[in-house]
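Welcome! Open the viewer, and let us walk through a pocket and then a pair of helices.

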Amino acid sequence: MALTHGRAFRFGVVLSAATSRSEWIDKCRKAEDLGYDTIGVSDHLGKPAPFPAVVLAAEATTRPQLSTYVLNTNFYNPTLLGREVATTNLLTDGRLELGLGTGHIKAHFDAAGLTYPSAAARVDHLESVVAQLQQQPFFFDAGPQVVRRPRLLVGGRGDRVLQLAARYADIIGLSGAASNRPVEGHFPALGSAEMMAERVEYTRHALGDRIREVEFNVVAPVVAPTNELRATLDRLEYLAPSMSVDQRADVPGILAGTPLHIATKLHENRERFGITYTTVLEPSLEAMAPIIERLR
């Protein structure tokens, strides 16, 4: 069953490094010029702080949405986070796309001097944050210049997170991970296409009639343009170490091959999984651009 109901493709990029204000501005403008619909900022220690980086990205661009992709909600008090969100949404003229997740990298909690909660406790806090943000008025909306509420993205893979996303989110970020256990130095290992299909089916049932209202998003950790597909998929073994090359080729978040091959795969992702919104990381900023152009 097709899940997209004619929804168009969207593309985002997470920018993660800058040595100066001017360099950050240049990167944001380049992303806009290359056709990206969303410029995102992650919430990792050692990287730019999401909210000021998003505000400057808005100042430097006119078209893209600006995304926190995604906030580690366990770093935040819900009420204070609401103030950050409302202010950022105002200063970006309503272009904020608020991405929320549980956070899973223990080293980040350790570096911040915070206790690392259990998985269940992290989801508890995410649920509390989402509930309070739903109830908390975005107080700047009451003024003469009405700014729309930010679109909400909730990202994860577990049942409770996907149930929460099905109730409240405008965008559901399907992590594509086989588990939340990180591979040292890399993203958590990616799960198979069959695993993604099961998570999509679970989410579809949780959504019910809301299926027509939401986007499905996936992150592509690497975009690898190549005419040597099998050799490249072999090199990308670290993304899905338990899989064969053929299985790896089917993983929605692994984008390798010629621009035509990758574009075809994104069409397949849309038809099979309902994924219309793909986010890449900064090293793939230019590599993804020909695919975006092809799919417009």
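Start at the second largest pocket, whose volume is about 160 Å³. On a 1 Å grid over the protein atoms alone, a pocket is an open set of points where a 1.4 Å probe fits, with protein on both sides within 12 Å along at least five of seven lines, and lining residues have an atom within 4 Å of a point. The volume is the space filled by probe spheres set on the points.

Now select Gln134, Arg149, Pro150, Leu152 and Asp170, the closest to the pocket's centre of the eleven lining residues. Strand S4 (96-101) and helix H5 (119-135) each give two or more residues to this lining, and H5 supplies the largest share, three residues. Helices (H or I, at least four residues) and strands (E, at least two) are DSSP runs, numbered from the N terminus.

This is a predicted model: local features need pLDDT of at least 70, side-chain atom pairs count only at pLDDT 80 or more, and totals for chains, interfaces and linings use all residues. Residues are numbered from 1 along each chain as its sequence is written, and side-chain values use heavy atoms, without hydrogens and water.

Next, select helix H1 (residues 21-33) and helix H2 (residues 50-60). Their axes (lines fitted to C-alpha atoms over the stretch in contact) lie 9 Å apart, at an angle of about 60 degrees.

Which residues in H1 and H2 meet? Show Arg21, Trp24, Ile25, Cys28, Arg29 and Glu32 in H1, then Ala53, Leu56, Ala57, Glu59 and Ala60 in H2; contact means heavy atoms within 4.5 Å.

Technical notes: Axes fitted to C-alpha atoms, helices over the stretch in contact; angles between N-to-C directions.
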